[in-house]
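Me: Can you walk me through the contacts in this one? I'd like to start with an interface.

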Amino acid sequence: MAEYTPGYAGTVTKYVFIESPSMTPGELALRAYEASEGVLIKETCFGLQVTGEADAVDRLIKVIRSIDPDHIFVKDRGFPPGDSRRCRANLGGARPGYLGHEREFRLLRYISRGLEELERGEGEEPEPVPPGHEKRPKLDIKRLQDLINLEEP
Amino acid sequence: MSRKVRIAQLSCGSEYSGVQNEIYRAAEAVDAEVFFPDIALADVERAVDAFGLDVRSADLKLMIGRGMALVEGKVDADAVFIGTCFRCAEAAIVRNELRRYIHENSRLPVVSYSFTERTTAGTLLTRMEALTTIARRRALLAREAQTGITMGIDSGSSTTKAAVMKDNEIIGTGWLPTTEVIKSAEGVVAQALEMAGLVREDIQAIGTTGYGRFLVGRHFGADLVQEELTVNSKGAVYLADHQRGASTVIDIGGMDNKAISVIDGIPGTFTMGGICAGASGRFLEMTAKRLGVDITELGPLAMKGLSKNVPMNSYCIVFGTQSLVNALAAGSSREDVAAAACHSVAEQVFEQQLQEIDIKEPVIMVGGTSLIEGLVHAMGDLLQVKVVVPPHSQYIGAVGSALLASGFIEGE
Amino acid sequence: MAKVFIYPATSLILSDLVARFGHKPLGAALGIRERIQTAGVDSPPLQITPEEPKRGLKYAAVEVPSGVRGRMAIYGPLIEEAEAAIIVNDADLAFGCMGCARTNELILFTLRQSGIPILELDYPGDEEEGVRFVAAVRKFLDGLPEEVEA
C-alpha cells in the first residue's frame, strides 16, 4: 500500500462561476488578482478557482462577489486546482461533477433574475411560495363517470 | 513496447467503494490504461431517451451515455470494463443490458463485474489481462491450426496439465494434481514428452496458462504466458472444431468458473466467478470423497441418480455438503446424492454466471469437470441444449496454449 | 450562522445562496476536501479507501451496496452536524457524489427524520420561478439563528 501525502493541506479551494453577458472569466481574473493577497487564482472556462488559507479566500470572495453580485456564484471544491486525479487529460473525460455544473449552469440566469428582484423589492414581497409544491389535483370521480358516459355510444 | 490498451470504464460506485485504485492497478499491471469516455450533459440526456432504460441514478445514466458514445464511435476504445456495486439491482440491470448492447453492436471486448469494498486488483487482473489480450493479440488469436512442435502447460489451482502437439495433432499429454507448482509442472511435462516420444530440445515453442502461468512460464522460458479466458476459448473452439461463428464456452474449474461468449474463436463477453467454492469442481471433489468414490466415478454414478430426490438447501460448500450427508443418513442413494451435487453446481453456475453472457449454441464444456458426465447432463438440462464436450477437454488450457504458442515459431 | 446541509450536496446554486445569505453550506466538497487533505493510504481519485464503506455501516446495513455505504460515510457526519437543510427535489442529473439514487433516498430520509428545519423546493424552470426560488431560500435562511455574523 502506497503512502499518501496531501498537497495544499490546510487550504480551501472555491469555484467562482460567472454567468454574465458583460464580463468574461479573463476580465474577472484581472480584477481578482488586484485583491488576491497571496491567494492562488486560476482562470477556467466558466470563471475562476481560488485556493488559499480560509480567511484570505473568504476576503477575496467578498471582493469578487461585489464586482457583479447577481451574476457571480461561488461553491466549495474538495480538490485543489489542477489535481491530476480530477484532470480531464488524465481521466480521458470530464469528471462527473462537471456535468452536474453543466446542469445547474443552465439555470443560473433564473437565479440571477431572482437576486435582482430581491434587491428591488427588498422588504415588501409577498410570502414566497417555493416552486415545486403545486400538486396536480386528481380527477374527480363524478367527472370521470361523466367522461365515460360521454364516450359510450 | 506496444501502445497501452485503452479500456473504457463504465461504472457506478467504484470510487465510493474505495476500489477505483484497484481497477487502475489491475489495468496498469497488464500495460493498459483505464479512462472515462468524455461526453457532455446533452449526450447523457439524449442517450437515456434513446436507450429507453429509465433509471433513477444519475451515474447509471452517465454509464448509458458513455456506452452509447463507444458504440457510435464518438469515443475510441480498445475494450470495455463495466463495473457496478454488488447487490444493487438497478445497477445490475444497467450493467447487463449495456453489456449486451455493446456486445451486439460493436466489436469491443467487454467484461462486466460487480464489486464490493473487498475487491482487489488481484481479482480483476485475469479479466483485465483477457481484455488487453483480445485487443492486442487479435492476429495471434485468429490462429486456427497448430504447426511445428509445441507444448502447452496449464497450471491450474487443482490440477496441472500439459500437452505436446505436432502438426495439428495432440501427441502427448500429462496430468497431475497441483501440489508444488513447479514440481507438478515438471511432472506433467515429463509425462507428455514421454508419451510423445520426444525430449525438451525438440519443443520449438512453449505456452503457459492457469494460476501458476507466470511462475511456470519463467521456469520453462515460455514464449507465451496467457490467462485462461482467451486460451480456453481458443482451445474449446479448436477441439470442438467450431472455429467460426458464435459459441459459448463453460469451464467449471477447481477454484473459479468461466463463462465465455465466443465469436470466431475470440471472447466477446465473459464472466469469471470465484467468490464461492460451492459452485466449483472442489465441491464435486468433496462429494466424491464423502461417497467414497474416485472423482472419475462420480459422473457415471450421478447419471444413475435423480437429483430431485435429495433436498439441497444451500449452495454453500459447507452447508451443501451437510445437506448431502443428511440425505445419506436419511437413506438417500449414493446415486441420487451424486446427481444432486452435480445439479447444485450446474444450477449455481447457471444462475450466477450464465445470466451475464448470452448463450449461443454450440455450448462447449471444457476443463476437468467436463468429464463428470452427471455435471454436463445437469447443465444441458438447465440450458435446454445438447452440451458439447470435445475430445481432450480436460487438457483445454494446455492445448490452447500449445496452439497459440505455435504462432511464436514463425516469429510472430 | 447556521450549518445548512444542501441537497444536491454538489449544488452550485444552493452552496452559493446559503453562503451569500450568511450561513455555512454543508456539501460534498467538505467531505471530499477532508479526505484529500488527510495523510494515509493512497487511494485515488477521491482518497476513499475500502475502509469507508465499512464506516458507512453506521448508516446502512451490510447488505446495502458498498457504493451506498461509502457515500454515506461522507454524508452521514455532515448530516449529523447540520442545523437545517435545503432540498431540491428534482435534482435528477447530479452526478458523482450525488450519482446514486439509493444513497440519495437514504440522505433525504435521514434529513427528514432528524427534525431540523427543512426547505423543500424544485429547480426553477423560468424567471418567475427563479424569483420565487431565491425569495423562498432567503426567507428560510433568514429564519435560522445567526449567532456569529450575517
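This is a predicted model: local features need pLDDT of at least 70, side-chain atom pairs count only at pLDDT 80 or more; totals for chains, interfaces and linings use all residues.

Me: Which residues of chain B lose the most area to chain A?

Reply: Phe36(B), Asp38(B) and Leu41(B). Together they make up 47% of what the chain B side buries.

Me: How many residues are in contact there?

Reply: 14 residues of chain B and 12 residues of chain A.

Me: And how many salt bridges between chain B and chain A?

Reply: The count is 2. In one salt bridge, the side chain of Glu45(B) meets that of Arg106(A), at 2.9 Å from N to O.

Me: OK, now chain C against chain A. What area is buried there?

Reply: About 4,400 Å², with 62% from carbon and sulfur atoms. Leu12(C), Arg20(C) and Arg33(C) supply 16% of the area that chain C buries against chain A, more than any other three residues. The contact takes 51 residues from chain C and 48 from chain A.

Me: What about salt bridges and polar contacts across chain C and chain A?

Reply: The rule finds 4 salt bridges. One of them links Arg103(A) and Asp92(C), with the closest N and O atoms 3.8 Å apart.

Me: Which element of chain C gives the most to the side that touches chain A?

Reply: H6(C), with 11 residues. That side divides into 26 nonpolar, 10 polar and 15 charged residues.

Me: Strand E1 of chain A and E3(C): parallel or antiparallel?

Reply: Antiparallel, over 2 bridges. Glu3(A) has Val41(C) in E3(C) as its bridge partner.

Me: Back to chain B. How many residues of strand E3 are buried?

Reply: 7 of its 7 residues, which span 79-85. E3(B) pairs with strand E1 (residues 5-12) of chain B in the parallel sense over 6 bridges. Ile7(B) stands opposite Ala79(B) there. E3(B) also runs parallel to strand E4 (residues 110-115) of chain B, joined by 6 bridges. Phe81(B) has Val111(B) in E4(B) as its bridge partner.

Conventions. Residues are numbered from 1 along each chain as its sequence is written. Chains are lettered from A and ligands numbered from 1 in the order in which they are written. Side-chain values use heavy atoms; hydrogens and water are left out. Contact means heavy atoms within 4.5 Å. Buried area is the accessible area (1.4 Å probe) that two parts lose on being put together, summed over both. Buried means under 20% relative accessible area, exposed over 50%, partly exposed in between (1.4 Å probe, protein chains only). Helices (H or I, at least four residues) and strands (E, at least two) are DSSP runs, numbered from the N terminus. Two strands pair if DSSP finds at least two bridges between them. Ala, Val, Leu, Ile, Met, Phe, Trp, Tyr, Cys and Pro count as nonpolar, Asp, Glu, Lys and Arg as charged, and the others, Gly among them, as polar.
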